[in-house]
Amino acid sequence: MANVVNVNETNFQEEVLDSSKPVLVDFWAPWCGFCTKLSPVFDELANEMGDKVKLVKVNVDENRSLAQKYGVMSLPTMILFKNGEPGEKLIGFMPKQAIAAKISPLV
């Protein structure tokens, strides 16, 4: 079973940019209702796709510079990274199947 990794400014380079797998980064905050709703969906995706893609979470309240660097303007925002480069941005709550459909072409 794969786990969702909490990422911050200290380990973002190692966990996301240097990853050999595609990475889906969930930018979230504890006060965000849709972020809370997305969390179990994200966990399910990690368990189902964890061997093909890495799923990580960034708390924007604690890591404002990362949110700013990647243009996160609303929450939740998910960004797909491949080979250290940000790609498609998914904004707002999405069902698991919709997120999986966006990840599948990368793996």
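Biologist: What makes glutamate 48 and lysine 96 a salt bridge?

Modeller: In this predicted model, the closest N and O atoms of glutamate 48 and lysine 96 are 2.7 Å apart. The cut-off is a Lys or Arg side-chain nitrogen within 4 Å of an Asp or Glu carboxyl oxygen. The pair therefore counts as a salt bridge.

Biologist: Why is this pair said to link distant parts of the chain?

Modeller: Glutamate 48 sits in helix H2, while lysine 96 belongs to helix H4 (residues 96-103). They are 48 residues apart.

Biologist: Why is glutamate 48 called partly exposed?

Modeller: Its relative accessible area is 48%. Buried means under 20% and exposed means over 50%. Glutamate 48 falls in between, so it is partly exposed.

Biologist: How do you know that lysine 102 and glutamate 88 pair up?

Modeller: Their side chains meet at 3.0 Å, N to O. The limit is 4 Å, so this is a salt bridge. Lysine 102 lies in helix H4 and glutamate 88 in strand E5 (residues 85-91), 14 residues apart.

Biologist: What makes glutamate 88 partly exposed?

Modeller: Its relative accessibility is 37%.

Biologist: What makes aspartate 26 and lysine 57 a salt bridge?

Modeller: The N to O distance is 2.9 Å. With the limit at 4 Å, the pair therefore qualifies. Aspartate 26 is in strand E2 and lysine 57 in strand E3 (residues 54-59), 31 residues apart. Both residues are buried.

Biologist: Why is aspartate 26 called buried?

Modeller: Its relative accessible area is 0%. Buried means under 20%, so the label holds. Beyond its sequence neighbours up to four places away, aspartate 26 touches residues including Leu38, Phe42 and Lys57.

Biologist: Which residues does UniProt list for "active site"?

Modeller: The unreviewed UniProt entry lists Cys32 and Cys35. Cysteine 32 is in the loop between strand E2 (23-28) and helix H2 (33-49). Cysteine 35 lies in helix H2.

Biologist: Are cysteine 32 and cysteine 35 buried or exposed?

Modeller: Cysteine 32 has 6% relative accessibility; that is under 20%, so it is buried. Cysteine 35 has 3%, so it is buried as well.

Note on methods. Residues numbered from 1 in each chain as written. Predicted model: local features only at pLDDT ≥ 70, side-chain atom pairs only at ≥ 80, totals over all residues. Heavy atoms only, no water. UniProt positions renumbered as here; feature names shortened; annotations may be inferred. Helix = DSSP H or I, 4+ residues; strand = E, 2+ residues; numbered from the N terminus. Buried < 20%, exposed > 50% of the residue type's maximum accessible area, 1.4 Å probe, protein only. Contact = heavy atoms within 4.5 Å.
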